[in-house]
Amino acid sequence: MPAPYRRTWLGGLLSALLLAGGLAGCDLPTGPPSINTNTTVNAPLIAENTFVFLGGPKSTNAPLIDTTRAGIGSLFGVSGSGRTVILEQEVQSFGSGTLNGTLEKAAHGMQIDTSFSGPIVQDNPIARQDINLSYERTPGTFESPGHVDSTPVPAPSRETELEIPFPVSTIFDPPTTEVVNAEGATVKSVTLTGRGNDITFTLTNNKQTNTPLTSGTSGDAPEIAIRNENGPDPLPFTAFGKTPLPPGKTRSITVDVSDKRLGTESTIVLHIDGSGRDDELTIDTHPHLRYDTVTLSNPSTVRVRASATGLNTPARTASRFAGLHVAGGPLNVRVENDFAFPLAIDRLRIENTPDALDLLPSDFPALDLSMGERSSFSVQAGASATRSFKMAGSGMARRVDVILEGRPASSSGTVTLHAGDGLRTVAQGDPAISTMHFWPEGEEVRTTGTLPFSPERVSFEQDGDFVEMAASTVRLQKLTNNLGVGFDSFTLSYPGIRLPDANDDGQQYAPGDSLFISLVDDPSGRFEFAPLRRSDTRNVEVSIPSLRFFPTNNALRFRLHGTLGTAPDTTKEHLRVLRVNEELSASLSIDQFEVEALQGTVAPFTMDVTPDANDNGRLDVADTAEAQAVSLQRLQGFAQQIDDLQLQGSALTLSVETDLGANTRLYGALMGRSADESHFLKGKGPQQVAASDSIGNDFERAGTPLGAENLVQFDVESGTDGQPVTRSVTLTDENSNVNNFISQLPTHLRFAGKNQVKGGHLHVRKPVRFNVGVGFSVPLAFTDRVSYRDTLDADLSGLAALTDPTQRVTISSAQLQVEYANSIPLDFDATVHVVGEKGRSLVSLPSDGESLTLKAARKTTNESSPSPRNETLNLTLSSDEVHSLARGHKLQLQLTMSPQNEGAAVRIRADDTIRLSFSTDIEASVQTGI
């Protein structure tokens, strides 16, 4: 008994027993009680089953049309009239196939086995040194040589003020320094420095006279002053003591003339009285006078020399070098004139400092950068001028001498020299270097290059194009360092060759997964090896589980990055010679070049879908080794068992399931065999192969060319992202001879095919799925309604209480519920017969001779059903029908298909189903007597 029923029935009985116990406790009459209880008596699920429209030996559901039975008469009863029902039956494909040859053919000629060699230094900063040197030369403070001059002091005639000429040229020689040579010029004026400038004046009163020397005022000593013709006087009147100077006596005074200017016509002025012809004034400029500014006449005699020796030529982009062989590039020399007059540069020359050549070989090129004859140039006061020297073929040592000579640009007038003025020379250049003698200091060098990668049929033109390989061995052979320096570390990387997940970050073949091969001091990783020293030759071998190439413009880029070893000191022992055209060389090959996938642009080519067993380029549809076969005996047997079966408007579906990422065209030879006859499915219109198409020569039958007219073709459009797609074409009488082909009822089909990749973008991965299938749409013309009967096991135990003779049951309502899900686009009339223990029919439902109508599934535009129709029918039962149902053991089901009288014909798929389930809903009162 089902649980819901058992729960309800026992509950009612328990209520009756409890009520009886309560009445006994109240001393009520003891006669047998009569208890009425309302309850629900249900059998929630009596029976259910699912029927498939067309069934065979492997059907899991009961078939409405069973093709395994000998005859069809036991399945159908025929009466009335009806319309055509279309049965669609798919014939299995011609075997699951792969088209791996597509990958091999597209990748034909694809390999990496190449050598490369080339300089690694020439495009790096080390090959173009930035030369920077500068210096400044000023005359500095000028100094007089010192001068002593004794001048007689004549007696004044009438006044006591006496003037004695004091020209600066008598106490100042034209200055001569390392920078300025003014010999031959005339000093016109000077401005003395701010300190350390004293002049001593000594006055002598001849002892032969008896007259003391005074200033002209009785009781005062003589006074002396220096007077300029223009401008302030450098020395005011200063007395020789406090009293007159007696005869025969001498007095000296020392005065400070710092910061004073001595002009061109300076004079000494004496206030003196009583002098005679033998009296003397001595002027002493010891120690020498120092002056900041001097004005000279005769500028043509002034010479300027602003030279320097042993100037360092440090390079900002290279290490410690001893000398450079310059291949090309200018050295620009800028002369900045800070003198107060225009300057004519007569000589400018740069040469190596001799002792800087000690570490260099005897054949080291000379450095002689100088102006040509008659190439003097002028530099205005406060301005600059630049001259450029070609350095090609020169050798520049780490220290150089610069010689610069000039003169005032004007040969007349005057020139003024200031101690702080001078010349500044700046030389700059980034010459290209051919050879460098240096002590390495960890410089980095880099270069890039490409390896050709251009198979015969595929090119790589779009971003993301790639070639994926299976496990491979990368061999780097004869990696040779021909440089005069060794590397502490050296890395060879291939941005376009990537490992599956080198960084273990979940990214597949990402840019960071590029192949790196490193040669380092302490190799510890899978792709690390011992360092590459001077003149080393190495062989490197790396096994890789998978590789993906990303060619750019049909080439693979590589990068070289090296760090030079550092010399421990700057002795001759560790001096290295680097020639920028020295090369690294190696050969690169990849073994087991088995392509697993690729994406690129291909030219058109054709592949065999079925095997070319004898490899003659032609497919023989009569040869079982070159054609796939499928049996159609079931279709023929089914047709022979059904009377009045009409084959009208036949259709054949040719389909391809593939994950080949390319637009292709399938060419097929489909041969049907019936008894001893053979015939071919031939295309018309777009499915016809033109007679002029040479593809007809690639098919034959028993060695005889088949001809393009016996073929069929259709285009297969590519899917996306390498996902499998199914493309198909329906062959009807409009585009083929399918009616004639099917009417022959072939027992076997033979198929041979070729697939043409049209060209363009291709995405393909092993294994290449390419399954060809054929489906038939065969119309079945039923001349009347067709009935189906089946016996179902039923569980009616839930209704057993209704037949218990100890209880009186009154049924107030009862229904038989029929729930169905119909995916067949046909109505069905259903009748249920309740069968008793001995197989006798107890009752038919409905009992009025009518039937239950199970409505058809809704149709789409192609007349098939996209989803089942789900509904529940309720059939009211009488008390007698309920009692008959309760005594039943099985249900006999009769389904009658009802083709539509109007509208288009329907399409029924072989696997369309109808599911039925039966249950009851019964309300009853039970009277129990005790």
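Strands are DSSP runs of E with at least two residues, and they are numbered from the N terminus. This is a predicted model, in which local features need pLDDT of at least 70, side-chain atom pairs count only at pLDDT 80 or more, and totals for chains, interfaces and linings use all residues. Residues are numbered from 1 along each chain as its sequence is written, and side-chain values use heavy atoms, with hydrogens and water left out.

**Exercise 1.** Determine where Ser535 lies and whether Ser535 is buried or exposed.

*Solution.* Step one: Ser535 is placed in the loop that runs between strand S40 (528-529) and strand S41 (537-544). Step two: its phi is positive, about 60°, although Ser535 is not a glycine. Step three: buried means under 20% relative accessible area, exposed over 50%, and partly exposed in between (1.4 Å probe, protein chains only). With a relative accessibility of 60%, Ser535 therefore counts as exposed.

**Exercise 2.** Carry out the analysis for Lys478, stating which element holds this residue.

*Solution.* Step one: Lys478 belongs to strand S37, residues 472-481. Step two: Lys478 is not a glycine, yet its phi is positive at about 50°. Step three: the relative accessible area of Lys478 is 59%, so this residue is exposed.

Notes. Helix = DSSP H or I, 4+ residues; strand = E, 2+ residues; numbered from the N terminus.
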